[in-house]
Amino acid sequence: MARNSYELGVGVSEDHLALADAVAGFVERTITAEVVRAAVESTDAGKVLPFWDALVAQDLLSLHIAEELGGQGAGLLTLAVALEPLGRGLHTGPFVPTVLAGAVLAAAYGTHADEAALSRLAGLADGSRTGAVALTSNLTGTLTDGTLTVSGTADGVLGAASADVVLAPVAVAGEQRWVVFENIELTISAQDGIDVLRGAARLRVDSVEVSFERVLDVSAARVRSVAAVILGAEAVGVMSWCVSTASEYAKTRVQFGRPIGQFQGVKHKCAQMGIALEKARAVLWDAAYALDRDDDTAEYAAAVAALIIPDAAVQVAQECIQVHGGIGFTWEHDAHLYYRRALALRGQLGARDDRAEAVAGYALSGLTLSSELELPAEAERIRAAVRTELAEIAAIDDEDDQLVALGDGGWNLPHLPRPYGRSASPLEQVVIAQEIKASGIQMPQLLMGTWAVGALVPHGDERQKQELVVPTLRGELVWCQLFSEPGAGSDLASLTTKATKVDGGWRVSGQKIWTTVAQFSDWAMLIARTSPDKPKHEGITYFVLDMSSPGITVRPLREMTGSALFNEVFLDEVFIPDENVVGAVDDGWHVARTTLAGERVALSQKMEAYATDTDLLRFAIGRELSPVARYRLGELMAESRAVDVISSRVVLKQLSGIDVSTTSSVGKLLGMALGQAISEYVVAELGVAGVVSVPGERSDHAMEQLIAGRATTIYGGTTEVQLNVIGERMLGLPRDAAAHG
């Protein structure tokens, strides 16, 4: 049975799913509520719990360490997959500090390590020794006679109280160097902390002499990046528990005679929590994957993860408490333990303004994060054949002939079955899209024709397919969609447009609204009520309507932009012949909802027609920005990267046969809001030049994008409707009371 992508976690493959399930099973059996509560009341500063030996036996400590260094070579991404269920189980003890120490050592040693280094790593990998990493410190070092003498302190070092080896940054001659200390060289004092399950400690170093072989060749940026992934993975686990626990409570807690999850205030809060979780998983995956490949932009990707995940974890944990109400504020409920863990992890990764500045710095330097997908080897075989066929089409000089070749060859919507598409698998669709872009071929803009074809191919008869689908795919027909009505926007089941049976067809009367390009359309998709006595989801029929039919009046609606893309359409006793019914009479709801669109691979979820990160950087690079402006730019660039990565993960999950419907909805919702936020930023930074046309500035472009962008969170289902969909389909929350009946 297909697993929903929400259940999969950080990973994007069946192997990841199997690992996550195995670790989750271990957590459920071993890190029980009784074990966690005993740890809460324990006075042991190190918090080494009784399941340590059992956890070591799971062979997870060496997952991320290269085989050349004695590990399993699975990488940070695989470790992150395992850490999510551990974080969900509120794991404590030395595991996270130890794998962090191992990751930093592995980054420093690369593929070359002497016997002492290998021995040090081996102890961390097999669980015979534990480790910790101080991410900040006040340690300073002086070089004398081939040794480094270190003194100073470091506060809040995660897991230091039980660590055998500690890594810490030391300021040496104006540079930061990372040094390996043995426990016996340090004075360790437990510190009271907000996380009552995992100890942190102060380290004091008094004139300790360290040999050069214990001074690591690793940059501060790489240490921060590794920490962002490992601590971020645990934070994602915290978020996962908070989202599922809050959602389950919202399903069962009854107030005013209804489950509280049926109230939109609660449903939307839970949906936003789920969105934050999916966004955090995406950027965590991106950073871990980039570090595993040692990309030139790995630190940039990790900076994005460090900016998004810690604060999202805190916010989601807060909202979990809020959804639970009074019970969530009690000591007995676990919600506060997850909130404390989220706060502690955020504190380890530093102040938010520093994290935002790191992202802004990378972006303004001109560095670009790649969105290329790593495809299986089979893709190259597909690519060779696709490239050959497209080369023949690219060689056609006549534009109309080229459009016919594209349509008849199934290139416009390759996911459709032949002969209308190419019956392309998700992998083939990705390759085709890449090769079309590389070829420079200008594809026809089918607009609403995509939806029409998606309904006609599975539900239409042969005549409809030949007379309507084929010319649409050739770019010869323009379509509009007559669905929404003044009293039934997104609630299509409440439509009142009536179709009355007459000789040879139907007479249709009613009003439709928000109809894109109706004034230019040749044909329309129309749903109308044909059996008013049936329940509202029944008794609806799907028609195709020739827009030149008598009785149709189209009135353009002038928008905020001053243009008129939308229209009102009035239908006054319009005759539609029987042959233009699609599917069965009274089965239009099924036709409208079950098209082939779900089989299509969407390669981008940004609103490219509106403001994007390209517009943002074109505006910002070379401009003097205040610290506040740089902070906000860092946030927007991180948000933009999250949307890109969610799109990539949707594609990769489709390639693995995983249900992506909910993750895709999250990406669309974030993409809709992103363009608005970018255009608002640009206009605000321009000041007067953002609201009046000023020569030499981007005034006109910025104003146009700002006004036009307000539509993105309305059309195609408002933000609020999308939140309902995410809450109900991703989290299983009950439908609104008004939706029943």
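Residues are numbered from 1 along each chain as its sequence is written, and side-chain values use heavy atoms, with hydrogens and water left out. Since the model is predicted, local features need pLDDT of at least 70 and side-chain atom pairs count only at pLDDT 80 or more, while totals for chains, interfaces and linings use all residues.

Let's start with the helices. Helices here are DSSP runs of H or I with at least four residues, strands are runs of E with at least two, and both are numbered from the N terminus. Two packed helices are described by the angle between their axes and the distance between the axes. The axes are lines fitted to C-alpha atoms, for helices over the stretch in contact, and angles run from 0 to 180 degrees between N-to-C directions.

Take α6 (residues 95–109) and α7 (residues 115–125): their axes are 9 Å apart and the packing angle is about 155°. That makes α6 roughly antiparallel to α7 (angles under 35 degrees count as roughly parallel, over 145 as roughly antiparallel, 65 to 115 as roughly perpendicular and the rest as oblique). The crossing of α6 and α7 is left-handed, meaning that the near helix is turned anticlockwise from the far one by less than a right angle; clockwise would be right-handed. On the α6 side, Thr98, Ala101, Gly102, Leu105, Ala106 and Tyr109 are in contact (heavy atoms within 4.5 Å) with Ala117, Arg120, Leu121 and Leu124 of α7. Sorted by class, that contact of α6 with α7 has seven nonpolar, two polar and one charged residues. Here Ala, Val, Leu, Ile, Met, Phe, Trp, Tyr, Cys and Pro count as nonpolar, Asp, Glu, Lys and Arg as charged, and the others, Gly among them, as polar.

Further along, α10 (residues 298–324) packs on α12 (residues 352–364) at about 150°, again with the axes 9 Å apart. So α10 is roughly antiparallel to α12. This crossing of α10 and α12 is left-handed too. The contact of α10 with α12 counts 11 nonpolar, no polar and four charged residues.

Then there's α21 (residues 661–686) with α22 (residues 699–709), where the axes come within 9 Å and cross at roughly 140°. That angle makes α21 oblique to α22.

Now for the cysteines. A disulfide is a covalent bond between the sulfur atoms of two cysteines. With the cut-off for a sulfur pair set at within 2.5 Å, a search of the whole structure turns up zero disulfides. Cys242 has its nearest cysteine sulfur, that of Cys320, 4.4 Å away, which is too far for a bond. Cys242 is buried, at 1% relative accessible area, and Cys320 is buried at 0% (buried is under 20%, exposed over 50%, partly exposed in between, with a 1.4 Å probe and protein chains only).

Last, the backbone. Most residues other than glycine have a negative phi, and most peptide bonds are trans. Asp145, in the loop between β2 (139–144) and β3 (147–158), has a positive phi near 50° and is exposed at 82%. Ala173 has a positive phi near 50° as well; it sits in the loop between β4 (165–172) and β5 (175–182) and is exposed at 76%. The peptide bond from Arg418 to Pro419 is cis, with omega near 5°, and Pro419 lies in the loop between α14 (399–408) and α15 (426–439).
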